Amino acid sequence: MNYIEPKFNSFIQRFLDQTLIVNEFVYLDWWSVVHFTAGMLLGWLVPKLIKNHNHFLVAFFIIVLYEVVELKLNGVLFIPETPLDTAWDLVVGPAGFIT
């Protein structure tokens with residue numbers, strides 16, 4: 001994959017960027033584990049902090065908002081992602097929420 005080297009480049013970032021499963025329809029890397037875990041954390045935290053709302057929609061909004069910020073910081077704090085990677089982040093995060 002060709003990408004712009006980010007200004008912030010650490011061992012952790014390089015580790016998380018290692019791909020686990022990649023094909024035409026699936027893109028999972030170690031960041032996917034982070035997104036899943038964050039979804040699980042939101043599944044625990046959102047119901048405690050927000051009452052009388054659809055907790056899944058609130059968590060999904062937070063996950064989408066994070067992805068937008070991540071896209072804006074591509075090449076600065078993050079290695080740019082493919083659209084497939086971003087799409088899977090939006091699947092894996094909510095999957096962690098419902099786990």
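Trainee: Where is Asn52 placed?

Mentor: Asn52 lies in the loop between H2 and H3. Please bear in mind that this is a predicted model.

Trainee: Why is Asn52 called exposed?

Mentor: The relative accessible area of Asn52 is 78%. Exposed means over 50%, therefore Asn52 counts as exposed.

Trainee: Why does Phe11 count as exposed?

Mentor: Phe11, which is placed in helix H1, has a relative accessibility of 61%. The cut-off for exposed is over 50%, so Phe11 counts as exposed.

Trainee: Which residues make up the nonpolar patch on the surface?

Mentor: Phe11, Ile12, Phe15, Leu20, Ile21, Trp30 and Val33 form it, and together they have about 670 Å² of accessible area. Members of a patch need over 30% relative accessible area and no salt bridge, and nonpolar side chains are joined within 5 Å. Phe11, at 61%, therefore passes the accessibility requirement.

Trainee: Which elements supply the patch?

Mentor: Helix H1 (11–16), strand S1 (19–22) and helix H2 (30–49) each supply at least two residues. The largest share, three residues, comes from H1.

Trainee: What makes S1 and S2 a pair?

Mentor: Pairing requires at least two bridges. S1 and S2 have three, in the antiparallel sense, so they qualify as paired. Thr19 stands opposite Asp29 in S2, and the two strands form a hairpin with four residues between them.

Trainee: How do you know that the span of helix H4 is close to the expected one?

Mentor: H4 (residues 83–98) has 16 residues, for which 22 Å is expected at 1.5 Å a residue. From its first C-alpha to its last, H4 reaches 23 Å, which is close to that value.

Trainee: Which residues of H4 are buried, and what covers them?

Mentor: Asp85, Thr86, Asp89, Val92, Gly93, Pro94, Gly96 and Phe97 are buried, a term that means under 20% relative accessible area. Their cover includes strand S2 (27–29), H2 and helix H3 (55–72).

Terms used:
Residues numbered from 1 in each chain as written. Predicted model: local features only at pLDDT ≥ 70, side-chain atom pairs only at ≥ 80, totals over all residues. Heavy atoms only, no water. Patch = residues over 30% accessible without salt bridge, like charges linked within 9 Å, V, L, I, M, F, W, Y side chains within 5 Å. Areas by Shrake-Rupley, 256 points an atom, 1.4 Å probe, with all protein chains shown as cover. Salt bridge = Lys/Arg side-chain N within 4 Å of Asp/Glu carboxyl O. Buried < 20%, exposed > 50% of the residue type's maximum accessible area, 1.4 Å probe, protein only. Expected span 1.5 Å × (residues − 1). Contact = heavy atoms within 4.5 Å.
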